[in-house]
Amino acid sequence: MKFGLQGRVLALAILFCAWFASTVVVAAEPSGAQARTVLVIGATGRTGREVVVKSLEAGYQVRALVRDEPRARASLGSEVTLIVGDVRTGERISEAVEGADFIISALGSNVRADPSNTPELVDFGGIQRLAKHAVESKIRHFILVSSMGATHRDHPLNRMYSNILIWKLKGEDALRTSGVPYTIIRPGGLTEARGGEFLPTMMQGDDLSRQGRIARADVAAIAVAALDRPEAMKKTFEVIASNTPGEPDWATLFGSLNVDAK
Ligand SMILES: NC(=O)c1ccc[n+]([C@@H]2O[C@H](COP(=O)([O-])OP(=O)(O)OC[C@H]3O[C@@H](n4cnc5c(N)ncnc54)[C@H](OP(=O)(O)O)[C@@H]3O)[C@@H](O)[C@H]2O)c1
């Protein structure tokens, strides 16, 4: 079949328009992690700061609810959007949560340094409040760093830190029952090791005979790897570092865990 000059020009014009339209659509539609916002709670803390670093590395936009803006800016750099607030009062929490896609909390009370910052108000009340706002704002996934031993009422940490593990479990329960998609990470003892060396050992059942330690950087890596991952949803697990070096296969690691009983 032969086309005249006009036909060929028309065909070229149609092809060009189709190409231009597809280019415009791709450019206008933000892709993957780059378009998504993670709200980090406890970002000025030792684990939270690692969460911020790893979220930025993964291409997420990061915002943080912080109590001390100058200290947070110095610690977290200029890429992070800061919102000044306190989980005990709820001050500016709705503003922090509104429009975010995900929440990662590495929040922790510090009752010894500040007797008014109790586990009841922070590890329970703060998480309960955040979970409520997360539901209202349709947060896609809320990842909570809790603690190994949370189910053991007679754990010595409860006597030392105003029932911290008891309140952490209540915070976990508030998240689990909130309706927001969640993952709860219960690390063993946290260390300042640089991380990325040893595969994590993920366990369920809060069995204290299998205690161990893990780098804060590795806990942060697990939290960021879990984001929006179907295999991680509605799961609570303990984690320590193994002795095995290697690159985690996240789908297999998260996929091997059981979904929480209702
Ligand atoms: N230490 C361990 O071996 C261990 C083991 C297992 C689990 N964990 C848990 O892992 C998590 C992270 O631990 P970490 O040692 O990395 O924490 P961290 O360094 O003590 O940091 C705690 C963070 O929570 C923030 N925060 C405290 N009270 C707040 C409030 N009222 N409103 C808003 N933010 C508040 C702090 O902000 P400021 O900077 O303003 O104080 C800080 O950013 C904690 O939940 C901890 O209990 C710890």
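The structure is a predicted model, in which local features need pLDDT of at least 70 and side-chain atom pairs count only at pLDDT 80 or more, while totals for chains, interfaces and linings use all residues. Residues are numbered from 1 along each chain as its sequence is written.

The protein chain holds nine helices and 10 strands; helices (H or I, at least four residues) and strands (E, at least two) are DSSP runs, numbered from the N terminus. The chain has 262 residues, of which 39% count as buried. A residue is called buried if 20 or more other C-beta atoms lie within 10 Å of its own, exposed if 12 or fewer, and partly exposed in between, with C-beta atoms placed from the backbone.

Eight strands form an open sheet in the order β3-β2-β1-β4-β5-β6-β10-β8, with mixed pairing. At its edges are β3 (81–84) and β8, each of which pairs on one side only. On average, neighbouring strands of this sheet are turned by 25 degrees against each other, direction ignored. Strands are taken to pair if DSSP finds at least two bridges between them. In general, strands of a sheet pair through backbone hydrogen bonds, either parallel or antiparallel.

Several of these pairings can be followed residue by residue. Strand β5 (residues 141–145) pairs with strand β6 (residues 182–187) in the parallel sense over four bridges, and Ile 143 has Thr 183 as its bridge partner in β6. Thr 183 also has a bridge partner in β10, namely Lys 235, where β6 and β10 run parallel and are joined by five bridges. Strands β8 and β10 are likewise joined by five bridges, but run antiparallel; here Phe 198 has Pro 245 as its bridge partner in β10.

Helix α5 (residues 120–136) lies across β1 (37–41), β4 (102–105) and β5, and runs at about 170 degrees to β4. Helix α8 (residues 216–226) touches β4, β5, β6, β8 and β10 (235–245), and its direction makes about 165 degrees with that of β6. These angles run from 0 to 180 degrees between N-to-C directions, and axes are lines fitted to C-alpha atoms, for helices over the stretch in contact. Of the 11 residues of α8, 10 are buried, so this helix is largely enclosed by the rest of the structure. Among the buried residues are Arg 216, Asp 218, Val 219, Ile 222 and Val 224.

Helix α5 also has a helical partner. It packs with helix α7 (residues 164–176) at an angle of about 5 degrees, with the axes 8 Å apart. The two helices α5 and α7 are therefore roughly parallel to each other, a term for angles under 35 degrees. Their contact includes Phe 124, Ile 127 and Ala 131 in α5, and Ile 164, Trp 167 and Leu 175 in α7. By type, the residues of this contact divide into seven nonpolar, two polar and four charged. Here Ala, Val, Leu, Ile, Met, Phe, Trp, Tyr, Cys and Pro count as nonpolar, Asp, Glu, Lys and Arg as charged, and the others, Gly among them, as polar.

The ligand is surrounded by 25 residues, the closest being Gly 42, Thr 44, Gly 45, Thr 47 and Gly 108; a residue is near the ligand if its C-beta atom, placed from the backbone, lies within 6 Å of it. Both α2 (46–57) and β7 (189–191) supply at least two residues of this shell, and α2 gives the most, with three. The shell divides into eight nonpolar, 11 polar and six charged residues.

Most residues other than glycine have a negative phi. Asp 206, in the loop between β8 and β9 (213–215), has a positive phi near 50 degrees, and with 18 C-beta neighbours inside 10 Å it counts as partly exposed. Asp 228, in the loop between α8 and β10, has a positive phi of about 65 degrees although it is not a glycine. Asp 228 is also partly exposed, with 15 C-beta neighbours inside 10 Å.

Conventions
Contact = placed C-beta atoms within 7 Å. Parallel < 35°, antiparallel > 145°, perpendicular 65-115°, else oblique.
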